[in-house]
6 protein chains.
Amino acid sequence: MFSHNKRLQYTVRVGASNPGLANLLLEQFGGPQGELAAAMRYFTQAVAEDDAGRKDMLFDIATEELSHLEVIGSLVAMLNKGAKGELAEGVDAAAEAYRKLQGAGNDSHLTQILYGGGPALINSGGQLWNAGYIDSIGDPACDLRSNIAAESRAKIVYERLINVTDDPGVKDALTFLMTREIAHQRSFEKALYSMQPNFPPGKLPGDPRVSAMYVNASQGEGDLRGPWNSDTHFEYLADPLAHIPVDGQEGVPSVQLNPAEKAAVEAMALRLASDPSADPLTGADLGSDAVLAETGGRAGGPMDRNSGANVDTLRRLGETPPT
Amino acid sequence: MFSHNKRLQYTVRVGASNPGLANLLLEQFGGPQGELAAAMRYFTQAVAEDDAGRKDMLFDIATEELSHLEVIGSLVAMLNKGAKGELAEGVDAAAEAYRKLQGAGNDSHLTQILYGGGPALINSGGQLWNAGYIDSIGDPACDLRSNIAAESRAKIVYERLINVTDDPGVKDALTFLMTREIAHQRSFEKALYSMQPNFPPGKLPGDPRVSAMYVNASQGEGDLRGPWNSDTHFEYLADPLAHIPVDGQEGVPSVQLNPAEKAAVEAMALRLASDPSADPLTGADLGSDAVLAETGGRAGGPMDRNSGANVDTLRRLGETPPT
Amino acid sequence: MFSHNKRLQYTVRVGASNPGLANLLLEQFGGPQGELAAAMRYFTQAVAEDDAGRKDMLFDIATEELSHLEVIGSLVAMLNKGAKGELAEGVDAAAEAYRKLQGAGNDSHLTQILYGGGPALINSGGQLWNAGYIDSIGDPACDLRSNIAAESRAKIVYERLINVTDDPGVKDALTFLMTREIAHQRSFEKALYSMQPNFPPGKLPGDPRVSAMYVNASQGEGDLRGPWNSDTHFEYLADPLAHIPVDGQEGVPSVQLNPAEKAAVEAMALRLASDPSADPLTGADLGSDAVLAETGGRAGGPMDRNSGANVDTLRRLGETPPT
Amino acid sequence: MFSHNKRLQYTVRVGASNPGLANLLLEQFGGPQGELAAAMRYFTQAVAEDDAGRKDMLFDIATEELSHLEVIGSLVAMLNKGAKGELAEGVDAAAEAYRKLQGAGNDSHLTQILYGGGPALINSGGQLWNAGYIDSIGDPACDLRSNIAAESRAKIVYERLINVTDDPGVKDALTFLMTREIAHQRSFEKALYSMQPNFPPGKLPGDPRVSAMYVNASQGEGDLRGPWNSDTHFEYLADPLAHIPVDGQEGVPSVQLNPAEKAAVEAMALRLASDPSADPLTGADLGSDAVLAETGGRAGGPMDRNSGANVDTLRRLGETPPT
Amino acid sequence: MFSHNKRLQYTVRVGASNPGLANLLLEQFGGPQGELAAAMRYFTQAVAEDDAGRKDMLFDIATEELSHLEVIGSLVAMLNKGAKGELAEGVDAAAEAYRKLQGAGNDSHLTQILYGGGPALINSGGQLWNAGYIDSIGDPACDLRSNIAAESRAKIVYERLINVTDDPGVKDALTFLMTREIAHQRSFEKALYSMQPNFPPGKLPGDPRVSAMYVNASQGEGDLRGPWNSDTHFEYLADPLAHIPVDGQEGVPSVQLNPAEKAAVEAMALRLASDPSADPLTGADLGSDAVLAETGGRAGGPMDRNSGANVDTLRRLGETPPT
Amino acid sequence: MFSHNKRLQYTVRVGASNPGLANLLLEQFGGPQGELAAAMRYFTQAVAEDDAGRKDMLFDIATEELSHLEVIGSLVAMLNKGAKGELAEGVDAAAEAYRKLQGAGNDSHLTQILYGGGPALINSGGQLWNAGYIDSIGDPACDLRSNIAAESRAKIVYERLINVTDDPGVKDALTFLMTREIAHQRSFEKALYSMQPNFPPGKLPGDPRVSAMYVNASQGEGDLRGPWNSDTHFEYLADPLAHIPVDGQEGVPSVQLNPAEKAAVEAMALRLASDPSADPLTGADLGSDAVLAETGGRAGGPMDRNSGANVDTLRRLGETPPT
């Protein structure tokens, strides 16, 4: 069960109204690397987790991310507060109100007009938050890796926001939030490696014939060898086209159909067959500039398809017109 | 520049039509852990990458994932081929066609009716593929971690599909695809650790006061200590409520408004103030069962608000009716 | 700041595994009327709210909804737990595993294969939760109405789920959750009417000429008068076509363009003009059955457009072929 | 059946081209509170409604909303008309065209480049309209409340747009549209209360033990009592943690598994167990700054893991390296 | 199987950094008319296609579109490269960095902050690419028409982008990409018409009674006749209301219910019946300005519902208050 | 302005309740090829169109599509009516209600539980309708082609539905709707070709060097020549790799950076450089099965990294452990 205390986990002090900055901060409120995604990622894992240690850790961090959602949301609310009041009360003349709205820049118009200055669960471009941002699949060896990656991404997005902010209070709160991502990544790393083995995840072993193969699928100048495709650890397939398919069979898809299916498939094939030897007149030909150019173009209105010139044109273009 | 050879990277041999299984396999065609997500994840990183080694590797693996998309798509097409032909040609009586469609189970009806039996970029529940599945953010220390996690997830989803398939040809192709995820994860791991340092990502250091703090935000029975919150590596905040806010300040959000903003905000507050001492009649009261029960309910039609009984009822419910 | 206690707000006791029911319950976990939508709806309003009373209430209810999200998520996790274990460990032969998966019915295959049996933020059809489910706009007279409506909807979806469940523990927990929606609706109603006036919302008055007009836009048998269009409260526009436009002007859209714009618009109009007097041959004609029927159809391969018969056909169809 | 008359319900006269304003108006064309959402909300309810009076009203208002969609769409088309012509005809030099496009501000670039100046079913931030904006659930006591709330929201978004517009013709048409929302809300209110009882919706009664309980889930300074949690109407649970779970049972989730399920679940638990007593080396350690700092950092290339210094470092960091 | 060569199909030379232009170009990377949509449209068709000729063509063009995706992606990457470096390295003071970010205009802030300057699969407004952009349905007579239309659209979006670009290298590459759409459209047209017949698609014939009917559903000034509704090819239904329904039956929906269903439907109708003769007090009345105006408004706090004036007001408004 | 008549354009008579069929029909209500997509496609084009003839036609057909939306929606409502009543009134015991719900099959559970049996704007798999289904771009030569393609697709989806339905009334109404798509396609074809020229669309000519080039990007067995790549109409590039890039330049992307940008880009490259000569220990190694196998695996708990065996293992795997 959750509880709430009306104090923030970290104090939010904003120096001045700035709807443009508020909109950028939405990235960490309702964006893919933001705090709701983090909280829900860990919360859904926690609910389904059976391992007591991981379950506790996931609830700890999920809960803290909710508190971070509150901190970043409060930053957005404070940065928008003045503009929100002015628009709601209609204090400015329309032209001035329009100028302010446009002047705040980026997508802050959306926050003002549609969301009334409140923190909305969108990214800084207005894209609605969606649960496709959460990649949990119910296997801890995967989910912990996903969490590690997610924390690293959140750290960087905070870093970028800090780089474009000079309000000390905002910078301070963002630095707190950024730092906590580092700590969380550390915990998830510890949890991953305290479960052994964790690689490869799951129970089914790979096929040893291809589990260390490296396919040099991109060829040409720029080909490079490194630890990721070294002969020490990988079998380097330098020319994949020479090994197609890798199973050495025919490399084409097939299915065994029952007689009724086979008959239907063949009937469909016959009905929809293309004729490689045809040279059909097409819709593009009917509307083509080239035809018009020959016939004097648009002068006199649309194409006169009855003129002999038109037939000549079709002939020259390689079409055989009806005679 | 991309090229294509009409042979598959791995031969696809399907034993019998099975639209229900085809639909499940869509998970790895148009699902979040599927091959398009993988291909586009690495391709978009490759295009933006400046490091020659990583760029080459990313193009190699992105290209191979496109070949895997072709393999899984061919499995789907083969499994659906018979049913597609029969529906397109209308060979069955309607009742039989309906029975077959329903009988195939899960969401295969969608593949048949809407997508005509072709491999569609949806997951097995019909959710359209969207680019929110891709979490690249343009920093290699993050993106490589995201790739590592993504490969581990794809491995497991293949494992689950293999567990529910007994067609040998399908199982064989899925095992190939699953194994390649293991190999790709290995390459991404090597690439991550051949870039040093890679943790924490980015340039800005964390705030040392909170970078090793662990917040025991979830309390109660089940609290557990482990490597993820050990005293060796973390400062364990056992009772977070005792440290709120962690910065020791007031813990409430604030913003400095200019006078015009302040006036507007105050006007809005006044206009929209709630009255804590009110005891208003509400819409719910107007439509409430309780009121009706007292007045004889629905007999005789809707509530007769003119009856004295009604007033009594309102009184009993704690409302003060107009007198 | 949020805290968590590992006890649930309401005890969850599930009588037997049932992935099909688990999937239906997702409706209230990651569906539009579910607990995440509720929690985030009130939380985002709370963060932006300045009125102390409403802010407190919104945080109270938002926090409780998070606890409900945990209860419903735990129901899903328990109902899926057995199936999850069996699939992850691969304990069944493939054919049996496939049979179980299909047999559980509805979209539970998605929960199993993609999400590994965990509670996912999707509705029961697999649609990803998205923030478009939240309709807060930052005005309390609107947001409270939205909250009232949302609580009423959630009540009904719980009622439907209860109607299809006979597991006593599940029924019990769902009844708790359903009842709390009733209580929350009551609170939001009280809050709405303790702010006066609240109708119409906002500051701008409506245009009195049309603010009580009722437009009988749907005509014919079935027209009915009632309190929603009574003469007592509305001006009933019985025949809207007789009052078009309602402003009595020309009823067509216009814009004043500057000369450069005007020139461009006219050039575009000329370039893209359709010719009402044309009788063009079209792409549909080129591929039409009717033409083929006349010429002997598909016998002998695709249409032979050089035959005289073809020209006759075009003539009969009303097209004037090139001569 | 629908009919259309080419006159608008309200005349649209735009004073001058303004793609920036056009883009803002999209909010009420393809935004969540816009006219398509309104029309489809009522239309889908109308089709399924059996009560003659409500059905008629819903068709009346749905149809009028389609006419409003036409009015707002015409405003957008007129405001964009000049810019559309200039871009389509390529009348400006590229640099000038780019300057104009950027200068129009907000997301109007999207309307111009992607949608060619036409009214698109997006909100002002480019988010595609989706049916998640419609919250109808097929119960009139809920749907009417949803409609009431929706009308109030639309009223406010129009008010905000009016506040930033000084084109008299635009203002005039927006005022008409805003006013109609007020009238529609009145009708929906009348319809709701002419159905008795309507609260709580549905047939299942709530559990009386918790239907008037108010959970003070958010604690601390700022706690406030008001009509929404008054002792008159609610049982105020001041300290929810003291009543967890509210049912007085164990408060933990449980499920009865059959033996095969139980065995699988236990096997999975064993396989994926974390070791609370471990102190594993992690991926973060392998890429950590701290290690590098001790060993001389990046001078001389990536970390030399063979050096004794490195081992010392690991020791100091609390890791036990292999010996 | 796919291969890749690290050379581009067309050389990309960008004259200067321009994140604003980069963001516009995303339209053809991750937008609905962009290269990923094209590649996936043809690729998914190719995989399911059985006709050898079409299959080969679809793979040819799908593969080329992937190469175009690489070209447009490289343009985006080059245009962003400088800004990406500066933001990642934090070389500017925060105020200057913010100024640059805002100054680049349109939605380029999203590319910078969220995606780190890499090409993201979004359109120029930030909308995530989704597979709903692909309209393939598995029938070649439809899919080829869809492809023809898609190529024409892509051509125009490139044309618009060329119109706002004066960087010669960018213009050059865009012109190449635009031209290839023309060539592809020609191929798809040839393929469509080499399959005969192709109109109407499918096997089921239309009902001849309505297959050439034109319904003049939009009436009034502006009605126009042209080839699309000419008497030569269509039966023009001038006054559709006179032919409603067109089948000459009752024009109302009906269903035959079994007795149990019928009983349930009737019970529901009774429970939820509205009363056309009611004149209920509503929630809007409870919060209405008009009431307050009569009672002295907000002076002295919220509405005093106990005052006689209030009752009078309700009476004047047409409500019958409890007495 | 729109009007409505409560009679349907075509009578709907449903023989028996069938929620499973109802759900399939949603494809044409809220699916991508359905009637809302059609109506909105033409309506949005109509509003922005300046050509009088096309504008009238687009309004005619848009309006008729709204009437079709009503017909298909009424089919859905009738097929669901019985089940809706039974679920709402709770007439069945829970087990029986669950059995009915599951037995109806496909995704009809979603329609029942979430949408209460009403027609929802989703496809038959539950995917929310979204405006990405509409591909209008504001150029008639493109939009008319898009409309032609859309009508052909809708025809086929209706044909598939008819093939699985044996309720005569349903079949009849679907045949009407299917036929109207044929008629609409004819009108759009006429409109396209009455505008000359219409190919290629737009004003900018293609680059003649590549406008007739055909790129044989997919190689190998199955290469086929046909009208779509014939020498008559195309320049066939048999071996694209021999012409890379087609412009004969260097084929690599480049950008001219200013000195500050260049410095930042180089700093970033240095900071994030990978070391091709490294052979780093990775996270996968730390969690690898292979290591555990050598050291006795999980016996005795997680990997004991202090054992000499472990070091030996790392050595055998090609890693150089710290000494």
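Biologist: What makes strand E1 (residues 2–5) of chain D and strand E1 (residues 2–5) of chain F a pair?

Modeller: In this predicted model, the two strands run antiparallel and share three bridges. At least two bridges are needed for strands to pair, so E1(D) and E1(F) qualify. Within this pairing region, Phe2(D) stands opposite His4(F) in E1(F).

Biologist: Which sheet do they belong to, and in what order do its strands lie?

Modeller: It is an open sheet of four strands with mixed pairing, ordered E4(C)-E1(F)-E1(D)-E4(E).

Biologist: Why do strand E4 (218–219) of chain C and strand E4 (218–219) of chain E count as standing at the edges?

Modeller: Each has a single partner strand, so one side of each is left without a neighbour in the sheet.

Biologist: And which helices pack on the sheet?

Modeller: Helix H4 (residues 52–89) of chain D lies across E4 of chain C, E1 of chain D and E1 of chain F, at about 155 degrees to E1(F). Helix H4 (residues 52–89) of chain F touches E1 of chain D, E4 of chain E and E1 of chain F, and its direction makes about 155 degrees with that of E1(D).

Biologist: On to the rings, then. How many aromatic pairs are there over all chains?

Modeller: The structure holds 50.

Biologist: Why is the pair Phe29(D) and Phe43(F) called stacked?

Modeller: The ring planes stand at 15 degrees, with the centres 6.5 Å apart. Planes under 30 degrees apart count as stacked, so this pair is stacked.

Biologist: What makes it a link between chains?

Modeller: Phe29(D) lies in helix H2 (residues 27–30) of chain D, while Phe43(F) belongs to helix H3 (residues 35–48) of chain F, so the pair joins two chains.

Biologist: How do you know whether Phe29(D) is buried or exposed?

Modeller: Buried means under 20% relative accessible area. Phe29(D) has 0%, so it is buried; Phe43(F), at 2%, is buried too.

Biologist: What about Tyr214(F) and Tyr236(F): stacked or edge-to-face?

Modeller: Stacked, with 10 degrees between the planes and 5.8 Å centre to centre. Tyr214(F) is in strand E3 (residues 213–215) and Tyr236(F) in strand E5 (residues 235–237) of chain F, 22 residues apart, and the pair links distant parts of the chain. Both tyrosines, Tyr214(F) and Tyr236(F), are buried.

Biologist: Where does the charged end of Arg225(A) sit?

Modeller: Over the ring of Tyr236(A), 3.6 Å from its centre. Arg225(E) lies over the face of Tyr236(E), at 3.5 Å from the ring centre.

Terms used: Residues numbered from 1 in each chain as written. Chains lettered and ligands numbered in written order. Predicted model: local features only at pLDDT ≥ 70, side-chain atom pairs only at ≥ 80, totals over all residues. Heavy atoms only, no water. Phe/Tyr/Trp six-rings, centres within 6.5 Å; stacked < 30°, edge-to-face > 60°. Buried < 20%, exposed > 50% of the residue type's maximum accessible area, 1.4 Å probe, protein only. Lys NZ or Arg CZ within 6 Å of the ring centre and 35° of its normal. Contact = heavy atoms within 4.5 Å. Axes fitted to C-alpha atoms, helices over the stretch in contact; angles between N-to-C directions.
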